[in-house]
Structures are given as C-alpha cells and as structure tokens.
Amino acid sequence: MKIKIVGDIITVRGFGFAGIDGVVVKTAREARTAILKMLQDEDIGLILVAQSIANSLGNEFDEYRFRKHLPLVLSVEDSTGEKAVEDIMAVVQRSLGLKL
C-alpha cells in the first residue's frame, strides 16, 4: 500500500525526502480534487493532508477522516506549525518504520 501527501510545497517536499509522493495544492478546491482522486486509487492505503489544508476543507475533511474504508485520511502538522519538521518526521517514522 502506498502513502500519499496533500499539502503546501514545503510539506510535500519534506515527505518526498522520505520517499512519499504527494500533490502540492494552494486551495481547498485543489485539495478536494487531489483527495478525491487518491480515494479512488486502490493502491493507496494512507492519505496525509497538511493541517492548513485540512482546516480549509472544514467539515468535509472530517467526512474523509471518518470513512470506514481504505485509504485512511489523516492530517499532519505542516510548515505553518511551530514544530512542523519534528512532527512531520515523527509521522513519517511511525508510518514507514524508518529512523531519519
């Protein structure tokens, strides 16, 4: 199963260093399109969404999060957060079982 990330350029590139592909988005509309496309891909098991993007989606993001099918949809702190790099690295480590 693949892991994908949807977020701002810094967050997506940060996860890219750990081998996780993603889509850079700037608006809720772009994020919605990217997430819906990823939800249709049977090879994807986890979709990570940058917190600022999740916030812009509002209740719609909760609908993605509370789905009962794969892929799982989770938010991660992004480059706008105080501890973005540490938190992003912790998520990547837990997700992939890697030590970065």
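Trainee: What makes S3 and S4 a pair?

Mentor: Strand S3 (residues 44-50) and S4 pair in the parallel sense over 5 bridges. Two strands pair if DSSP finds at least two bridges between them, so S3 and S4 qualify. Strands are DSSP runs of E, at least two residues, and helices are runs of H or I, at least four; both are numbered from the N terminus. Within this pair, Val-49 stands opposite Ser-75 in S4.

Trainee: What is the model's origin, and which residues count?

Mentor: The model is predicted; local features need pLDDT of at least 70, side-chain atom pairs count only at pLDDT 80 or more, and totals for chains, interfaces and linings use all residues. Residues are numbered from 1 along each chain as its sequence is written, and side-chain values use heavy atoms, leaving out hydrogens and water.

Trainee: What is the strand order in the open sheet?

Mentor: The 4 strands run S2-S1-S3-S4, with parallel pairing.

Trainee: Why is one side of S2 and of S4 left without a neighbour in the sheet?

Mentor: S2 (21-24) and S4 (72-76) stand at the edges, each with a single partner strand, so one side of each stays without a neighbour.

Trainee: Why is Leu-70 called exposed?

Mentor: Its relative accessible area is 51%. Exposed means over 50%, buried under 20%, partly exposed in between (1.4 Å probe, protein chains only), so Leu-70 counts as exposed.

Trainee: Where is Leu-70 placed?

Mentor: Leu-70 is in the loop between helix H4 (59-65) and S4.
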